[in-house]
Amino acid sequence: MLSPHENKLEKLDPFYRPSAPKQKTSAEIISEARNALRMVKTQRPFTPQQEQRKLFGAGSSRTPENRPPSTFSLHASSFESSDSRPISGTRLSPLELKPKAPASPNTEQDPCLSFPRPPVDPAKMRRISSARARLFRAASQGPLLPDRSLPPAEVSKGNLREKDAEKAADEVFWNTRIIPLLHELEKEENIETICAACTQLHHALEEGNLLGNKFKRRSILLKTLYKLVDVDSDLLSLKLAKIILALKVSRKNLLNACKLIFKISRNEKNDSLIQSDSILESLLEVLRSEDLQTNTEAFLYCTGAIKFLSGNPSFLSEMISRGVVEILMSLIKEINENTVARGACPPDSGHLLVQVTATLRNLVDSPLARTKLLGISALPQLCTVMELCMGDKDVCTNVARIFSKLTSYRDCCAALASCSRCYALFLNLIDKYQKQQDVVVRVVFILGNLTAKSNQAREQLCRERGSVRSLLALFRAFHRLDVRASPARAQGAAVPRPPSEAEAVLVKLTRVLANLAIHPRVGPALAADPRLVSLLLSTLEYKSLEDCEELVINTTATINNLSFYQVKNSVIQDKKLYIAELLLKLLGSRNMDGVLEAVRVFGNLSQDHEVCDFIVQHNVHKFMIALLEVKHQDVCFSACGVLLNLTVDKDKRGLLKEGGGIKKLVDCLREFGPTDWQLACLVCKTLWNFSENITNASLCFGDEDTKTLLDLLSSFLDEELALDGSFDQDLKNYHKLHWETEFKPVAQQLLSRIQRHHTFLEPLPIPSC
């Protein structure tokens, strides 16, 4: 006679069958998500490196006549002999008296118009040099004048004497240190000598505090340096440009100095020269100290050179440590503010933005650069760039490339997802550049990253007006292109090939749709959309795994997520038998990823009795049983889900014995049970349904499997879930909790049923001879 508890166990429904509506446990939610709803991964769109270093690549939307040149001639005559700082915008009042005409300059007396005189007497030179050294030492230690107050007359005399001593020291330094080097530069004996003299000249000017634009003899230095620009030597040109920039030239000369470095940086072979001579710091100083609006073209070639260098990994650490990320983002912010003030982005600012964003695209490969970008809240500024320059395809493409890299990392992805206006921005880009594959493929990839990691991002994207319409319009456009190209590809050789441009967009787009379908409010609406379901089914109709594996798998994953929702107006449910037919060709492939996705869809669809009949008619159940031998947890989990649904029908329970199904289920329980409570639950539930009308455990399961089940279930009830070190502590605690609350009750019920119907036979004695 059965106990009340055993009677209660006998009356339990099959485990698959939902009872009255109730709140699901977290374990049930996770189990359903694992079996049906899942995120889809994909690779970031590939961006080939430019074969040649140019301001604008071959794919630029700018025509040659509408963009600054990457190649140009630069000679000594390109520089202006008289260099001055930018003029003030303030008008001067007219003079009341007519000024006298200046006298003819006396070249012998004007040091700025004549070449410097020879050095003075050596003894005098040493005396003045010593005085200069004492003067510099005193200045570095504090005030030059004593603390006691002096009469005004004495103070004035002291100031004059001090001023004269400075002047004298400068004269000596100029004559003794600078003039000999200028003579060396004029000789032009060989490149090595001139380059060495340039290096010494730079050091001497720095030592004498003669760099900048305040030095009176600066024009003489510049004239001498400009003459050497015609010498055909990249090394010399770099040294000349470095000194010219350090002398704080302006306007045309600043532009030409930046052009000179840009011209040299176009050749990758010169990267080592640039790195050894620290030209990068000179370029960054231009961006830090010069006025953007006055020198936009100079900034263009300056950032163009930096862009080339950023493509060389050996420069990344130096660039980031010198603050290039902050400098470039400061430029972007200033351009954004100027654009808002003007109401439009001027063409020259747009050209500059192309260089700046292309440089950032290279820099974000560095973890330190990504940290800096997050630290200065750069992502909203980059969104503003796209918003203000929506009509500039080059800028939008570069920023999209930046985001496609950044959103591959969890912290950066979360930062962009929290920028609520980015979703409308990306949808606008899709609408505007629908026919521009290189833009939309990256924008859709970004959306896929955002929706893969955040349920809030899924909701925000779908909340934007026309979001689904935009995505479906993009799906239709590239689906049409891919269908047209399919016959041509079919005629070619059957060899593996990378996805076409149309396929690449569809791969990323189906990933977005699969991720959106995870949201409990969005998923049912998508499952009821006949336009979307039609496009998905059409893709499976004409596309095979051999054509484009990733597209077929992503499409099937989308159908899987949509098939999870058992709603009345679901188009997926209406077409369930046709979908089952399309999935048969995936089951027959050798691609295990494709097989797994098809099995997952069958797991959802097999909750319908018509699909269960289809499975039996086409021997799909035999395939599911065979998959239990694959020894792959996800495959076994999905296949067991289909078998569980089949065992709901009493007439189909006997199918588990075909192909050794019971033994394979037991093997799965032994193999994966100790580490996977969800799979262990599925196996136990399937065996529970199978043994509903059990009268003899050995007849039901077989002697060997019965004994194995008794041993396994007993040991599992006495053990904890075994987890490896790859889980964090919170996740370990979660799984251990549900091992106790979800798996063990199921295991206890199954064990009790087997024990009640299993007869333990005593071994018979062996008769003696």
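This is a friendly dialogue about reading a predicted model.

Colleague: What should I know before I start?

Modeller: The model is predicted, so local features need pLDDT of at least 70 and side-chain atom pairs count only at pLDDT 80 or more, while totals for chains, interfaces and linings use all residues. Residues are numbered from 1 along each chain as its sequence is written, and side-chain values use heavy atoms, with hydrogens and water left out.

Colleague: What pLDDT does the protein chain average?

Modeller: pLDDT is the predictor's confidence in each residue, from 0 to 100. Here the chain averages 83, and 80% of the residues score at least 70. A contact means heavy atoms within 4.5 Å.

Colleague: How do I read a helix, and which residues of α15 are buried?

Modeller: Helices are DSSP runs of H or I with at least four residues, strands are runs of E with at least two, and both are numbered from the N terminus. Buried means under 20% relative accessible area, exposed over 50%, and partly exposed in between, using a 1.4 Å probe and protein chains only. In helix α15 (residues 367–375), the buried ones are Ala369, Arg370 and Leu373. Because they cover an arc of only 100° around the axis, they sit on the same side of α15; the arc is that of the directions from the helix axis to the C-beta atoms. Pro367, Thr371 and Gly375 are exposed on the other side. Among the elements covering the buried residues are α12 (313–321) and α18 (410–417). Just after α15, Ser377 has a positive phi of about 50°.

Colleague: How many salt bridges are there?

Modeller: The general idea is that side chains of opposite charge can pair when their charged atoms come close. A salt bridge is a side-chain nitrogen of Lys or Arg within 4 Å of a carboxyl oxygen of Asp or Glu. This structure holds 31 of them. In one, Glu207 pairs with Arg177, the closest N and O atoms being 3.1 Å apart. That pair links distant parts of the chain, with Glu207 in helix α5 (residues 191–207) and Arg177 in helix α4 (residues 152–187), 30 residues apart. Glu207 is exposed at 51%, whereas Arg177 is partly exposed at 32%.

Colleague: Which residues are linked in a network of salt bridges?

Modeller: Lys248, Glu281, Glu285, Arg288, Glu318 and Arg322 form that network. Within helix α10 (residues 279–289), Arg288 and Glu285 lie three residues apart, about one turn of the helix, and their N to O distance is 3.4 Å. Glu318 and Arg322 also meet in a salt bridge, at 3.1 Å; Glu318 is buried at 18%, while Arg322 is partly exposed at 30%.

Colleague: Which residues touch the most other members of the largest nonpolar core?

Modeller: A nonpolar core is a set of buried Ala, Val, Leu, Ile, Met, Phe, Trp, Tyr and Cys residues joined through side-chain atoms within 4.5 Å. The largest one here has 223 residues, and those touching the most other members are Ile178, Leu201, Leu363, Phe403, Phe426, Leu450 and Phe602. Helix α34 (residues 677–690) gives the most to this core, with 10 residues. Beyond its neighbours within four places in sequence, Ile178 contacts several residues, including Phe173, Leu201 and Leu221.
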